[in-house]
Amino acid sequence: MGNLDFASVLTGEYLDWLLSGLLVTLQLAAGAWALAFGLALVLSVIRATGWKPAELLVAAYVEVHQNIPLLVQMLFWYFAVPELLPEGARMWLNEHSSEFILALFSLGFCFAAYMSEAIRSGLRAVPRTQYEAGRVFGFGYLSTMRYVVVPQALRVAVPPLVNYSLLLFKNTSIAMAIGVHELTYQSRQIESDTFRTFEVFAIATAIYLFFSFVIMAAGTLYERRVSLAAR
């Protein structure tokens with residue numbers, strides 16, 4: 001233990017690498033979460049229409065993304081998806097950090113499947129009378145879902161949504177597999193440069209733990225506020 005030297009990886013360019021990696025991790029997590037949540041809402045509302053073809057299509061989307069490892073999905077997005085794009089789109093990606101963008105889409109599309117199931121459970125918990133109440137006020141299907149049903153469903157879905165948000169944040173580390181310079185990638189670079197394996201990954205672990213606790217605390221606080229507002 002006497003040979004531990006945390007200062008050597010927390011100064012100079014190595015500190016800059018860690019901070020840069022943390023910033024990329026937070027940006028990736030925030031962007032992927034926004035995409036996942038927005039897409040999950042759309043998928044849940046479509047699945048609740050009761051139209052069989054739409055239900056089957058969404059169910060297939062959910063099954064595919066829940067049963068294929070995230071690493072495989074990310075590699076597919078990075079190596080296969082660009083091949084399906086026009087030349088101009090591929091050039092644009094290469095000029096605008098394609099690794100980050102494709103990792104963001106991979107995470108977002110994957111966790112949209114999980115979040116849609118959480119929201120779907122919330123929709124099922126809303127009494128049928130709430131749907132009818134929206135129609136009484138003259139709302140169409142989308143307006144009823146937007147103003148009456150979905151807000152209530154989200155209150156029920158808060159705990160699983162927080163869990164999936166936490167899982168998404170932790171899985172940003174998989175993006176290092178396609179060269180995204182996030183926290184784990186930068187930690188690995190510092191370890192290769194300094195051979196301070198314990199120190200580097202202890203610091204990375206502490207950072208992941210801290211932000212995981214922040215997400216859990218924010219979720220708990222929001223859940224309490226929602227519970228108080230519903231009384």
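Trainee: Which residues does the UniProt annotation "transmembrane region" cover?
Mentor: The unreviewed entry lists residues 20-46, 58-80, 100-119 and 200-222. That comes from the record. The coordinates are a predicted model, and the values below are computed from them.

Trainee: How do you know what the chain does over residues 20-46?
Mentor: From the helix and strand content. Residues 20-46 are 100% helix and 0% strand. The end C-alpha atoms of this span lie 39 Å apart.

Trainee: What are the corresponding values for residues 58-80?
Mentor: That span is 91% helix and 0% strand. Its end C-alpha atoms are 22 Å apart.

Trainee: What makes up the fold as a whole?
Mentor: Nine helices and zero strands. From the N terminus on, the order reads α-α-α-α-α-α-α-α-α. Along the principal axes, the C-alpha atoms fill a box of roughly 70 × 50 × 25 Å. The protein has 231 residues, and 39% of them are buried.

Trainee: Why is the pair R90 and E87 called a salt bridge?
Mentor: The test is a side-chain nitrogen of Lys or Arg within 4 Å of a carboxyl oxygen of Asp or Glu. The closest N and O atoms of R90 and E87 are 2.5 Å apart. That is within the cut-off, so the pair counts. Both residues lie in helix 4, three residues apart, about one turn of the helix.

Trainee: What makes E117 and R120 a salt bridge?
Mentor: Their closest N and O atoms are 3.7 Å apart. The limit is 4 Å, so the pair qualifies. E117 and R120 are three residues apart in helix 5, which means about one helical turn separates them. Each is partly exposed: E117 has a relative accessible area of 23%, and R120 has 23%.

Trainee: Which residues are linked with E117 and R120 in a network?
Mentor: R47. The residues R47, E117 and R120 are linked in a network of salt bridges.

Trainee: How many salt bridges does the whole structure hold?
Mentor: Six. Among them is R196 with E199, at 3.2 Å from N to O.

Trainee: What makes the backbone of F195 worth a look?
Mentor: Its phi is near 60°, a positive value in a residue other than glycine. F195 is in the loop between helix 8 (183-194) and helix 9 (197-230). Exposed requires over 50%. F195 has 67%, so F195 is exposed.

Trainee: Where does S97 lie, and what is its phi?
Mentor: S97 sits in the loop between helix 4 (87-95) and helix 5 (98-125). Its phi is near 55°, again positive in a residue other than glycine. With 40% relative accessibility, S97 counts as partly exposed.

Trainee: Where is T220, and how far is its C-alpha atom from that of V162?
Mentor: T220 is in helix 9. The C-alpha atoms of T220 and V162 are separated by 8.5 Å, though the residues are 58 apart along the chain. T220 has 37% relative accessibility, so T220 counts as partly exposed.

Notes. Residues numbered from 1 in each chain as written. Predicted model: local features only at pLDDT ≥ 70, side-chain atom pairs only at ≥ 80, totals over all residues. Heavy atoms only, no water. Helix = DSSP H or I, 4+ residues; strand = E, 2+ residues; numbered from the N terminus. Buried < 20%, exposed > 50% of the residue type's maximum accessible area, 1.4 Å probe, protein only. UniProt positions renumbered as here; feature names shortened; annotations may be inferred.
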